[in-house]
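Me: I have a model open and want to go through a few of its residues. Let us take them one at a time.

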Amino acid sequence: MSLSPFHLAIPVYDVALARAFYNDVFGLEEGRSSEQWVDFNFFGHQLVIHEQPKTPGQESAHTNPVDGHNVPVPHFGVILAWDEWEALAERLKARDTQFVIEPYVRFKGEVGEQATMFLLDPCGNALEFKAFKDMSQVFAK
C-alpha cells in the first residue's frame, strides 16, 4: 500500500509550549516556522501548529463511547508498526505522561483489533496512536 503524506494544521494557544512538546515528547523534526506557526515531520506527514486564541474545545473535549472508553472528539494521530507503538507507549509511560486513555488493545479478538492510546498536547489537542498486528484490518468491517 502506497500512502501520500497528509497535511494537518492544528490550533495552539502557546506556540512555544506546543513546539517544546512535539520536539521533546516525540522528537519531531522541524521544518519551516515563524513566530505564529511551526511545521513538523509527524511520522512522515506534515503537521503544522498555528497560533490561535484558546477555544472552548481546548478547554474540555467532547467524547464518544468506543469499546468502553470515552474517546475525545476531535482527535488525530498515526498508525504505527506494532513494535513502534509498544516502544512509544513505554517511552510515554516512562515520562509519566497523563493519558486520556491508557495504552491498551481495543476490540481484542474481534475484526479490527488494535493497540491504541490517547493523550492531549499542552493546548488540548487530542492525539491517538494506534497499531494493528494485521494491517489488512485497518478498514475491516
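Me: Is Asp121 buried or exposed?
Reply: This is a predicted model, and the relative accessible area of Asp121 in it is 3%. Buried means under 20%. Asp121, in the loop between β9 and β10, is therefore classed as buried.

Me: With which side chain does the side chain of Asp121 make a polar contact?
Reply: Leaving aside neighbours within four places in sequence, Asp121 is in contact with Ile10, Val12, Phe21, Tyr22 and Leu127. The polar contact between side chains has a length of 2.8 Å, and the partner is Tyr22.

Me: Why do the buried residues of α1 line one face of the helix?
Reply: Helix α1 spans residues 15-24, and its buried residues are Val15, Ala18, Phe21 and Tyr22. Seen down the axis of α1, they line one face because they fall within an arc of 130 degrees. An α-helix has 3.6 residues a turn, so residues three or four places apart point the same way. For α1, the arc is 130 degrees.

Me: Which exposed residues does the face of α1 turned away from its buried side carry?
Reply: The buried residues of α1 pack against several strands, including β1, β9 and β10. The face turned away from that buried side carries the exposed residues Ala16 and Asp24.

Me: Which side chain does a polar contact of 2.9 Å join to that of Lys130?
Reply: Lys130 is in strand β10 and is buried, with a relative accessible area of 17%. Among the residues Lys130 touches are Trp85, Arg106 and Gln114. The side chain joined to Lys130 by the 2.9 Å polar contact is that of Gln114.

Technical notes:
Residues are numbered from 1 along each chain as its sequence is written. This is a predicted model: local features need pLDDT of at least 70, side-chain atom pairs count only at pLDDT 80 or more; totals for chains, interfaces and linings use all residues. Side-chain values use heavy atoms; hydrogens and water are left out. Buried means under 20% relative accessible area, exposed over 50%, partly exposed in between (1.4 Å probe, protein chains only). Helices (H or I, at least four residues) and strands (E, at least two) are DSSP runs, numbered from the N terminus. The arc is that of the directions from the helix axis to the C-beta atoms. Contact means heavy atoms within 4.5 Å. A polar contact is a pair of N or O atoms within 3.5 Å; within protein, one must be able to donate a hydrogen and the other to accept it, and residues adjacent in sequence count only if both atoms are side-chain atoms.
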